[in-house]
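Work through the exercises below with the model open. Try each task before reading its solution.

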Amino acid sequence: MMRSYQLLVVSMLVWCGSVLAQTEQQVIQSGSGSEDTPWFQQTPENNKFALIIVGASANDEIRVRLRGWATDLHASLLEDYGYASDAIELLIDDGSNVGNAASIVSGGSRVADIDAAIARIRSSSEAGDQLTVFLFGHGSSTFGDAKFNNVGPDMTGAELADMLSPLTGIDMVIFNTTSASFEFSRELSGLGRVVVSATRSAAERYDPLFGGFLVAALQQKRADIDRNARVSVLEAFNYASGQVAQWYRDQDRLSTENAVLDDSGDGLFSREPGTGQPDGLLAEIAYLNVISAGTQKTSAEALRLYAEMQSIEREIFILRNQKVNYLEEDYWNRLEALLIDLATRTRRYNELP
Amino acid sequence: MNYPDVSRPFTSERAALRRAVHRGAAIAGLCMLSVLPVSDVDIPATQFSLSLVNAGWAQPVELSALDNLTRGDELLLRGSYLGAIEAFNSVREDAWREQAALGLSKAMAITGQYDQAIAAVRARVRDPADSPLAATQLAELYRMTGRSAEAQELLAEVVAGQINPPVRTLVQYGLVLDLRGELDEAAVQYNAALARYDSGLVFDSADVGMVALAAWKRDEFHDANALFAEAVRLDSNNLEALTLWGDLFQEKFNDADAETNYNLALTINRRYSPALTGMARISSPERYLAMSLEVNSRDVAALETYGLLMVRNYQQDVGRDYLDQALAVNPESVTALSSLAALAAINDDMPAFDALLERVNAFSPESSEFFAGVADYLGNNYRFTEAVGYARRAIARDPNNWHAHTVLGGNLVRLGEEVEGKQHLEMAFDNDPFNVMTSNMLQVFDVLEGYATLETEHFRVNMSHRDAQVLWPYMAPLLEESWRTLVEKYQFEPEVPVLIQVFERTEDFAVRSVGLPDIGPLVGICFGKVVTLISPDTLSANWQEILWHELVHVFTLQMTQNRMPRWLSEGISTWEERQARPEWGRRLGLELVRAVEQEQLLPVSNLNEGFTGANSNADLSFAYFQSYLVVEYIVEQYGFAKLRELILEYAHIRDESEMFANVFEMDMVSFDNGFRDWIRQRVDQINVYVHVEDSDDEGAGHGHGVRENNSAVLAELYNNESLKRHMRGRVEQQPRDFQAHLQLGIVLFREAAYDEAIFHLQTAQGILPDYSGYPSPSLVLSQIYEAQGNNEAMMEQLAIMLQNQQHDYASALKLAKAALAAGDTEQADYYLSRALAVDPYQPEIHRSGAQLAQQLGDTGRAVQEFEVLVMLDQSDPVDARTNLAGAYLDNQQLDQARLTVLRALETAPGYQRAQDILLRAVERSNQSSEVISQP
């Protein structure tokens with residue numbers, strides 16, 4: 001089943017090649033067969049939503065920190081990723097006494113509030129849309145019962161999974177940045193979902209730094225490593241977990257947190273998702289950006305070139321994902337040829353009206 | 001080593017008798033006239049007599065022979081030796097006389113009455129074969145007192161005369177044969193003891209302990225461990241087995257388990273000398289040795305250990321005295337003879353060495369233990385070449401001396417002869433995998449195998465691949481600069497290549513240097529031809545200063561064939577730091593004034609004691625400092641030529657006072673007086689007040705690294721009126737109280753009372769303009785100006801600080817960036833080099849370096865900086881590779897540009913900046929090909 005899933009994802013990548021080649025301002029033309037793509041189709045017709053949940057805080061210092069992260073994230077989603085303000089649900093504590101965040105807070109983060117927010121998103125969304133859930137706060141995982149610490153009764157992973165289950169056809173990304181987040185996150189794992197956990201076991205119960213570095217990764221698209229003006233979940237994960245590891249190294253301390261990711265739906269999380277790994281393929285194409293229709297070159301040559309560029313990029317991604325199957329020299333020769341081809345066409349494309 | 005057997009021979013008959021005696025005596029004593037039967041008294045068939053105490057008449061109880069024997073054994077076990085002697089002496093009956101003699105002999109031996117001990121047991125030995133235990137005891141005493149030939153004869157008779165000689169006899173015979181160099185014959189005896197055990201014929205705890213010793217001697221360490229455990233299980237009061245077991249642990253560097261065993265033995269008998277001596281080798285040596293010698297002032301093991309301790313602490317005369325005492329008791333003590341011979345060798349007194357060797361050869365020709373001991377000592381004292389020679393002799397005599405292989409291997413490595421060194425270490429490890437030092441040193445080889453090897457004209461350097469990328473570009477030119485400078489200055493060329501090993505992990509550095517993973521505060525070591533260093537990636541100090549310091553050692557050690565005393569070697573290396581760069585090295589300030597006021601300065605003739613007697617990092621730091629002062633004095637008063645002349649004197653075998661007389665035409669006392677006068681003049685010139693309540697002013701470290709001003713650091717924590725009041729009082733009384741002005745400045749800065757803070761800080765700065773501690777007046781002033789928004793003044797103070805502070809890369813980088821922004825490329829270059837001298841692993845430094853390179857149009861330098869950034873800057877590898885590719889392109893390295901940008905585009909195929917570089921690289925390559933191909 002794993003193998004067939006991976007082949008499916010590779011195929012999906014082929015069809016999604018058209019999506020990956022574009023900048024944010026260009027109209028995405030459907031690649032042939034893109035209507036067959038089951039997850040994370042990137043078109044201007046798809047809406048993107050965000051649900052930011054800030055749970056109960058153990059003390060004032062933590063409260064200030066978590067709220068800072070949440071409000072910074074909210075601002076970044078608006079400014080850097082094109083979200084509409086009404087597409088973001090920001091839930092904090094009991095919803096009141098939120099200081100300067102009052103104008104952007106949708107409500108509290110009690111279980112009922114979360115349920116209500118998800119219901120609102122469900123009513124506004126349709127199949128093909130994307131929801132990204134961010135969990136900031138404390139988690140616990142004792143006696144086999146993983147929980148997110150809310151104001152009021154704590155929410156279990158199973159409860160949140162139940163609340164999200166009616167959102168059928170909606171692409172989902174979940175970032176759980178709490179302590180002891182792993183078991184909770186496992187409850188949310190599913191086919192077509194990308195789930196990120198700040199910790200890899202219930203024993204990692206100290207407040208992680210991952211949440212702050214995640215927000216930093218997203219701000220100003222710092223994590224846009226492949227320079228396509230978008231940040232994928234994989235890029236954000238790699239950037240944030242890399243920064244976490246560096247922080248502990250600089251402090252000369254053993255790391256008490258290890259972020260992991262699952263996008264294969266098997267409930268098995270990877271510390272280093274990516275090419276050739278069980279996880280990472282979906283995360284690589286799951287972008288947080290809202291795709292907007294922008295200006296497009298209209299000349300026939302430009303359109304032709306554009307299609308060719310998309311095709312070449314598709315070939316590059318396929319070749320890259322098959323790297324292990326080539327001798328090193330052969331791989332680089334092939335890649336070079338494709339890259340030169342792409343660069344040449346891009347240069348010509350930029351010169352055209 | 002022979003340990004008296006104080007385990008109790010335990011028979012069921014004697015146990016029953018003892019219980020009966022005790023009960024009967026107690027009951028009879030209490031109820032002397034009672035006629036009531038005592039039904040629980042077990043009256044065996046053996047008759048015994050018992051006299052009752054009549055309290056009214058107060059007559060003493062006379063115990064039977066058995067009672068006395070039992071009591072004697074018990075007293076011997078518990079350490080009441082005189083009581084034991086008395087008890088054994090009280091045994092009159094012939095049937096028990098031999099046992100009593102054995103017990104008496106052991107009690108006398110353990111209290112150092114060796115002659116009496118011998119006499120006590122010799123009387124029982126008419127035919128050794130008929131009295132094997134007594135004969136064995138006698139032989140052990142003979143061996144203990146340097147009469148191994150007689151011991152050998154005696155034991156040979158026992159072994160020959162008995163079909164199944166006692167296990168103890170076999171093992172003791174083996175020990176004697178070992179001592180006398182008859183190794184194969186010794187092995188036969190050990191094997192016989194082991195075979196007896198394997199046949200299931202060894203039951204007694206004491207005998208099992210002896211079998212364990214035999215296994216140890218046969219290098220069967222696992223078996224020895226198990227057998228010792230069994231011996232102790234059979235009798236938890238077997239002190240001999242407990243202690244020997246501890247000795248085994250200690251031999252294998254397992255001090256923790258050794259200590260446990262010794263403590264167990266001492267719990268039973270706190271006066272058991274072998275355990276006390278064992279503990280002395282682990283901790284509190286003087287205390288335990290004193291206790292041991294109190295029990296037995298002629299204990300050879302304790303005297304040897306004390307002697308070695310004193311010798312290792314450079315108290316040679318005291319050490320010699322103890323070793324001579326050991327030899328007075330046992331003229332055949334190989335340990336004592338070897339140690340004395342090592343001292344003779346160190347002092348190049350070969351006639352004395354030969355005489356000692358002759359003594360050893362009289363009973364143990366070409367003793368392997370002797371040569372191994374000499375080699376070990378010489379190696380630990382930097383005489384590696386000679387150590388190798390003696391270790392080879394040890395192995396020639398006994399190829400199975402694995403310790404000698406370790407000594408040889410370790411010293412070959414220190415000479416840079418790594419291939420052969422590794423072979424010997426591997427051989428030692430294969431046969432004795434418990435030697436922690438051996439296994440540690442081999443593990444470092446594994447580390448080095450993964451390292452890169454880089455070379456310059458005169459140096460060969462091993463370092464990690466990361467260091468090779470980041471550090472090497474800056475290390476290589478510094479190495480050759482040091483070579484040119486020092487060769488010209490000292491008119492001497494060391495052997496090449498000089499081997500330098502840079503370790504990322506402190507533990508690897510320590511093991512490579514001394515065999516064990518803890519080396520204290522040292523960050524670099526020179527062995528003459530080999531230098532080991534900790535990577536700057538692990539340090540937070542000026543690595544260039546450290547490297548230069550060690551390279552000077554290469555010169556001075558080789559100039560004197562490693563005979564130079566430590567104080568002079570460190571003094572010169574520390575002095576040379578400041579000669580190389582004005583911001584490096586030590587300063588004459590608070591530390592000097594305090595040293596003079598507290599009379600800490602040692603006489604020049606005793607300067608080495610400053611190192612060997614150092615009890616803390618502060619002590620060690622001061623030893624370096626004073627050594628540096630002496631060198632500074634020599635150069636200033638007499639000139640550098642005289643310093644060089646003094647160095648060359650140490651290449652000869654002469655008394656130090658003669659060397660000073662040859663060079664300075666005065667004795668050392670006069671020289672010392674001159675030095676102190678010079679110091680006083682310096683103190684007067686510095687003219688700073690040092691308050692007694694201030695703590696370490698310029699750091700307690702070894703000397704490399706930021707020197708924390710503890711008093712000033714504390715001031716940062718306190719921000720209160722009482723501190724200000726106190727310090728104001730101090731400056732009122734002593735206007736030149738530097739610390740008070742500095743601390744006031746800090747406190748006032750924290751209160752934002754800037755004007756007053758500036759006044760005090762500027763005053764402090766005027767008192768000690770070259771102060772190098774942290775925080776310094778210039779640092780705090782820079783912070784004040786920054787708070788005031790006065791950028792120019794802030795930068796000015798940072799620049800002042802950096803004139804005397806060589807470990808701060810952040811301030812240097814700040815100045816570099818400011819210079820870059822102002823277009824002052826020369827200043828930018830200077831401050832960037834200052835930053836790199838401390839921490840070349842900061843990406844920010846290299847970004848600025850790349851920017852500078854681009855401003856200067858130095859395409860080669862830009863390439864170097866971007867290459868380092870690719871290694872260091874993991875947060876955005878696409879950008880880092882693209883930048884590097886661009887630099888390659890500018891530097892006409894078209895292939896590298898192409899290959900590097902491909903890697904960037906592999907991750908980000910749509911990245912247009914990278915695409916552009918790729919196309920330009922390809923186009924230029926094609927143009928070059930066309931040019932080449934055109935006729």
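**Exercise 1. Chain B as a whole**

What percentage of the 935 residues of chain B count as buried? Then describe the chain's extent, secondary structure, contacts and surface.

Solution. The model is predicted.
- Step 1: 57% of the 935 residues of chain B count as buried.
- Step 2: The C-alpha atoms of chain B fill a box of roughly 120 × 85 × 65 Å along the principal axes.
- Step 3: Chain B holds 48 helices and 5 strands.
- Step 4: Take the contacts in chain B with a separation of 6 or more; residues 24 or more positions apart account for 61% of them.

**Exercise 2. Charge in chain B**

How many positive and negative side chains does chain B have? Locate a negative patch on its surface.

Solution. 
- Step 1: Chain B has 74 positive and 133 negative side chains. The centres of the two sets lie 3 Å apart.
- Step 2: A surface patch of negative charge gathers B:Asp127, B:Asp130, B:Glu153 and B:Glu157.
- Step 3: Take one of these residues, B:Glu157, which lies in helix H7 (residues 148-161) of chain B. Its relative accessibility is 37%, so B:Glu157 counts as partly exposed.

**Exercise 3. A nonpolar patch**

Which residues make a nonpolar surface patch of about 200 Å²?

Solution. 
- Step 1: The patch is made by B:Phe253, B:Val514 and B:Leu516.
- Step 2: Find B:Phe253 in the loop between helix H12 (239-251) and helix H13 (255-268) of chain B.
- Step 3: B:Phe253 has a relative accessible area of 33%, so it is partly exposed.

**Exercise 4. A phenylalanine in chain A**

Is A:Phe237 buried or exposed? List its contacts.

Solution. 
- Step 1: A:Phe237 has 0% relative accessibility, so it counts as buried.
- Step 2: Leave aside neighbours within four places in sequence. A:Phe237 is then in contact with A:Val196, A:Phe210, A:Ala259, A:Val260, A:Leu261, A:Ser270, A:Arg271 and A:Pro273.
- Step 3: A:Ser264 is 27 residues from A:Phe237 along the chain, and their C-alpha atoms are separated by 16 Å.

Terms used: Residues are numbered from 1 along each chain as its sequence is written. Chains are lettered from A and ligands numbered from 1 in the order in which they are written. This is a predicted model: local features need pLDDT of at least 70, side-chain atom pairs count only at pLDDT 80 or more; totals for chains, interfaces and linings use all residues. Side-chain values use heavy atoms; hydrogens and water are left out. Helices (H or I, at least four residues) and strands (E, at least two) are DSSP runs, numbered from the N terminus. Buried means under 20% relative accessible area, exposed over 50%, partly exposed in between (1.4 Å probe, protein chains only). Contact means heavy atoms within 4.5 Å. Lys and Arg count as positive and Asp and Glu as negative; His and the chain ends are not counted. The place of a charge is taken as NZ of Lys, CZ of Arg, CG of Asp or CD of Glu. Patches are made of residues with over 30% relative accessible area and no salt bridge: like charges are joined within 9 Å, nonpolar side chains (Val, Leu, Ile, Met, Phe, Trp, Tyr) within 5 Å. Accessible areas come from the Shrake-Rupley method with a 1.4 Å probe; for residues, only the protein chains shown count as cover. A salt bridge is a side-chain nitrogen of Lys or Arg within 4 Å of a carboxyl oxygen of Asp or Glu.
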